[in-house]
Amino acid sequence: MTSVEGFTRAQAARLADCSVQQLTAWDRADLVPPSGVDGAYSFRDLVVLRVVRSLLDAGTPRARVRSALRALAAWGDDLASVRLVADGRTVWACGDDGQVLDALRHGQLALFVPVERIVDEVEAEVRAFTRDRAGFVEGLLAESS
């Protein structure tokens, strides 16, 4: 991951490929509140935000997304080893070891949410964001010299 401790709402929206309005709504609904210090979003939050967006985009009702997030939380910090499979009604959390947890109990398979790929994408975007921010600060310091 990265050395950045936390991300503002605007930064998290950019890095999670969501709108600030979506983040605000998800925070108010206690779906994905920021877990970092002083209301900042953590790296894990960014991954979870992307998972939420993927599930909602697939038509999964918010209550079902909440259940899927509980299953994801039960997995701990090793999000890269989880695969979510959803059909809008059911979400399965599948581990690398072949373990499958029916997070919602019913339904047919339709959508595959590759959390590992989401983790990799968020890591790459956070690295790019950190480089861009460092370059911007260096540019400001060079101008003031």
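The model is predicted, and residues are numbered from 1 along each chain as its sequence is written, while side-chain values use heavy atoms, with hydrogens and water left out. Local features need a pLDDT of at least 70 and side-chain atom pairs count only at pLDDT 80 or more, whereas totals for chains, interfaces and linings use all residues.

The protein contains five helices and four strands, where helices (H or I, at least four residues) and strands (E, at least two) are DSSP runs numbered from the N terminus. Read from the N terminus on, the order of these elements is α-α-α-α-β-β-β-β-α. Of the 145 residues, 41% count as buried, a term that stands for under 20% relative accessible area, with exposed standing for over 50% and partly exposed for values in between (1.4 Å probe, protein chains only). The accessible surface of the protein comes to about 7900 Å², and 51% of that surface belongs to carbon and sulfur atoms; accessible areas come from the Shrake-Rupley method with a 1.4 Å probe, and for residues only the protein chains shown count as cover. Among the contacts (heavy atoms within 4.5 Å) with a separation of 6 or more, 56% are accounted for by residues 24 or more positions apart.

Two packed helices are described by the angle between their axes and the distance between the axes. Helix α1 (residues 9–16) and helix α2 (residues 20–28) pack at an angle of about 110°, and their axes are 8 Å apart. The axes are lines fitted to C-alpha atoms, for helices over the stretch in contact, with angles running from 0 to 180 degrees between N-to-C directions. The helices α1 and α2 are therefore roughly perpendicular to each other, on a scale in which angles under 35 degrees count as roughly parallel, over 145 as roughly antiparallel, 65 to 115 as roughly perpendicular and the rest as oblique. The residues that meet are Arg9, Ala10, Ala12 and Ala13 on the α1 side, and Val20, Leu23, Thr24 and Asp27 on the α2 side.

Side chains of opposite charge can pair when their charged atoms come close. The structure holds six salt bridges, each defined as a side-chain nitrogen of Lys or Arg within 4 Å of a carboxyl oxygen of Asp or Glu. One of these joins the side chains of Asp27 and Arg9, at 3.1 Å from N to O. Because Asp27 lies in helix α2 and Arg9 in helix α1, this pair ties together parts that are 18 residues apart in sequence. Asp27 is partly exposed, at 24% relative accessibility, and Arg9 is likewise partly exposed, at 27%.

A further salt bridge is formed by Arg14 and Asp132, whose closest N and O atoms are 3.8 Å apart. Arg14 belongs to helix α1 and Asp132 to helix α5, so the pair ties together parts that are 118 residues apart in sequence. The relative accessibility is 49% for Arg14, which counts as partly exposed, and 47% for Asp132, which also counts as partly exposed.

Asp17 in turn forms a salt bridge with Arg53, with 3.4 Å between the closest N and O atoms. Since Asp17 lies in the loop between α1 and α2 and Arg53 in helix α3 (residues 43–57), parts that are 36 residues apart in sequence are tied together by this pair. Asp17 is partly exposed at 49% relative accessibility, whereas Arg53 is buried, with a relative accessible area of 18%. Asp17 and Arg53 are also linked with Asp57 in a network of salt bridges.

Gln11, found in helix α1, counts as buried at 19% relative accessibility. When residues up to four places away in sequence are not counted, Gln11 touches Gly6, Phe129 and Arg133.

On the surface, Phe136, Val137, Leu140 and Leu141 form a nonpolar patch with about 400 Å² of accessible area together. Patches are made of residues with over 30% relative accessible area and no salt bridge, like charges being joined within 9 Å and nonpolar side chains (Val, Leu, Ile, Met, Phe, Trp, Tyr) within 5 Å.
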